[in-house]
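Me: I would like to learn how to read a helical model with some care. Could we go through it one feature at a time?

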Amino acid sequence: MILATALALLAGPRPAGRVSLASITGAVWTLFWVWTFSLLGSGWELSGPHVTCVREGCWPQGWQELAVAAPLLVGTFALLVLGLVGGQTQAWVRRGLPPVLFLVLAIVQVALWESDVVPILLGPSPVS
């Protein structure tokens, strides 16, 4: 709920021009931290002198973090797009679309994680 509220607040009021600097700045800032913490988490997971990868290419390193962050990434990209081209959209669309996308995708992610996502992550790499 905190992230959804933040996405709504970052949408801000109707921009004076065609672009919303608050939305663009907030989206870029959020994407930067998601990327940074994904890299740090992924690197920390396989750190240490005696840790080795079990599978070729260290599968699912990188992909697992992307799957976890997917709802926030989609909501943030929606915020970025609305900040760039949404100057003429209604305030409720600019403030409502990113958090609703995030919340719906987070609920879907929780519902499908154990039954659909975990078996993919535990299996062999589908991209090799």
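Me: How many helices and how many strands does the secondary structure of the protein come to?

Reply: Helices (H or I, at least four residues) and strands (E, at least two) are taken as DSSP runs and numbered from the N terminus. Here the secondary structure comes to four helices and zero strands, and from the N terminus on the elements run α-α-α-α. This is a predicted model, in which local features need pLDDT of at least 70 and side-chain atom pairs count only at pLDDT 80 or more, whereas totals for chains, interfaces and linings use all residues. Residues are numbered from 1 along each chain as its sequence is written, and side-chain values use heavy atoms, with hydrogens and water left out.

Me: In which helix is confidence lowest, and in which is it highest?

Reply: The score to read is pLDDT, the predictor's confidence in each residue, from 0 to 100. The protein averages a pLDDT of 85, and 90% of the residues score at least 70. Confidence is lowest in helix 2 (residues 21-45), at a mean of 86, and highest in helix 4 (residues 91-122), at 92.

Me: At what angle do helix 1 and helix 4 pack?

Reply: Axes are lines fitted to C-alpha atoms, for helices over the stretch in contact, and angles run from 0 to 180 degrees between N-to-C directions. Helix 1 and helix 4 pack at about 155°, with their axes 7 Å apart, which makes helix 1 roughly antiparallel to helix 4; angles under 35 degrees count as roughly parallel, over 145 as roughly antiparallel, 65 to 115 as roughly perpendicular and the rest as oblique. Contact means heavy atoms within 4.5 Å, and among the residues that make this one are Leu3 and Leu7 of helix 1 and Phe102 and Leu103 of helix 4.

Me: Which residues of helix 1 meet helix 3?

Reply: Leu3, Leu7, Leu10 and Ala11 in helix 1 meet Leu72, Gly75, Thr76 and Leu79 in helix 3. The axes of helix 1 (residues 2-11) and helix 3 (residues 63-85) come within 10 Å and cross at roughly 10°, and the two helices are therefore roughly parallel to each other.

Me: Where is Arg55 placed?

Reply: Arg55 lies in the loop between helix 2 and helix 3. Leaving aside neighbours within four places in sequence, Arg55 is in contact with Leu121, Leu122 and Gly123. Arg55 and Pro124 are 69 residues apart in sequence and 7.7 Å apart in space, C-alpha to C-alpha.
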